[in-house]
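This briefing is meant to be read alongside the sequence and the coordinates. Please keep both in view while going through the points.

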Amino acid sequence: MVKIGKSNVETTQLGLGTNAVGGNNLFPNLKDETGIQIVKTGLDSGIKMLDTAFAYGMGHSEELIGKAIQNYDRKGFVIATKGAQDVVNGNVRINNSPEFLRQAVADSLERLHTDYLDVFYIHFPDKNTPKDKAVAALNELKQQGKIKAIGVSNFSLDQLKEANKNNQVDVDEDQYSLIHRGAEKTLFPYLREHNISFVPFFPLASGLLTGKYSKEVKFPKDDIRNGNPDFQGKRFEKIVDAVDSIKPLAKKHGITTAELVLAWYIKNPDVTVVIPGAKRPEQVKSNAKALSVKLSDDEYKQIDDAFAEFKD
Ligand SMILES: NC(=O)c1ccc[n+]([C@@H]2O[C@H](COP(=O)([O-])OP(=O)(O)OC[C@H]3O[C@@H](n4cnc5c(N)ncnc54)[C@H](OP(=O)(O)O)[C@@H]3O)[C@@H](O)[C@H]2O)c1
């Protein structure tokens, strides 16, 4: 179990990303029933953090999670959600004002059918609100017991420093993976120094690091992966080569490549909780096994070295 920043929230080092649970605005052909099963499978497999957001289905992900958790002991797992998207006359604008954040927390609590949020993240920074004022509003909600830990997401280092002026930020969520390693230089030194937890998103690089792609793969014309630089040309080929090079190590452990990659994050001292997403319950079940994989220091380094060229 790990602690989230300076808060009393404790959870497993592997959580469940739920942007494909009710995130119909992000992925095609999602079924509500599958989404609910994904969440239940996660909790049944020993995963103790659910990572969601208003933005995943504009509240629908939270609603499905609210349904899925009804027969589970609420103290047995933690819910992290996010808000900042203010929908006015059908248009979305990013809003970090104290009034908006207070309302966003109240609305999330209602959709999730719960009395408290273990973590509430400001999902994106807005242009105008001083970040320490936004965090001060969340700190009041923390004092009231409505949230247990304060998070920010997609903040630059300067925005994070402003948000953390009074040392109240517990956790930062940002993109980081074996092939997107910018946070190692930009964020990690500050996070370490200030006891702020780190939760990377896209840890499997949207499936690319699971080892299921070969260089020959062709995606349908309208597939969103065609717009993702990781899936294009030489970069895609280099990533597939690097993933292929660690497959023998997965075989040695008798685990999948995805489990091996997730075990690397679990051993990474700068990663607090890794939150792979899933489209099917079987993926969650398999990913959860990473919690019991033990990598030696040499094996950790071997994986790190295989992706060394993605460090810059
Ligand atoms: N704070 C933010 O701004 C932000 C932004 C993005 C995401 N997030 C959070 O981070 C979480 C993780 O990101 P993500 O889900 O987009 O990407 P990800 O974790 O890198 O990749 C997840 C995808 O990989 C595939 N997959 C997962 N397990 C697999 C397995 N065992 N075998 C084969 N394929 C597997 C599935 O897609 P396919 O089956 O389609 O291949 C799944 O949807 C999200 O769910 C969300 O909670 C936060």
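Predicted model: local features only at pLDDT ≥ 70, side-chain atom pairs only at ≥ 80, totals over all residues.

- Seven strands form an open sheet with parallel pairing, and their order is E3-E4-E5-E8-E9-E10-E11.
- At the edges of this sheet lie E3 and strand E11 (197-201), each of which pairs on one side only.
- Within the sheet, strand E5 (residues 78-83) runs parallel to strand E8 (residues 119-122), the two being joined over 4 bridges; Lys82 has Tyr121 in E8 as its bridge partner.

**Helix H10**
- In helix H10, which spans residues 281-288, the buried residues are Gln283, Val284, Asn287 and Ala288.
- Because these residues cover an arc of only 130 degrees around the axis, they sit on the same side of H10.

- Thr272 belongs to the loop between H9 and H10, and it counts as buried because 25 other C-beta atoms lie within 10 Å, where the cut-off is 20 or more.
- Leaving aside residues up to four places away in sequence, Thr272 touches Val2, Ile4, Ser197, Phe198 and Val199.
- Between the C-alpha atoms of Thr272 and Asp172 there is a separation of 9.9 Å, although these residues are 100 residues apart along the chain.

Technical notes
Residues numbered from 1 in each chain as written. Buried ≥ 20, exposed ≤ 12 C-beta atoms within 10 Å, placed from the backbone. Arc of directions from axis to C-beta. Pairing = 2+ DSSP bridges. Contact = placed C-beta atoms within 7 Å.
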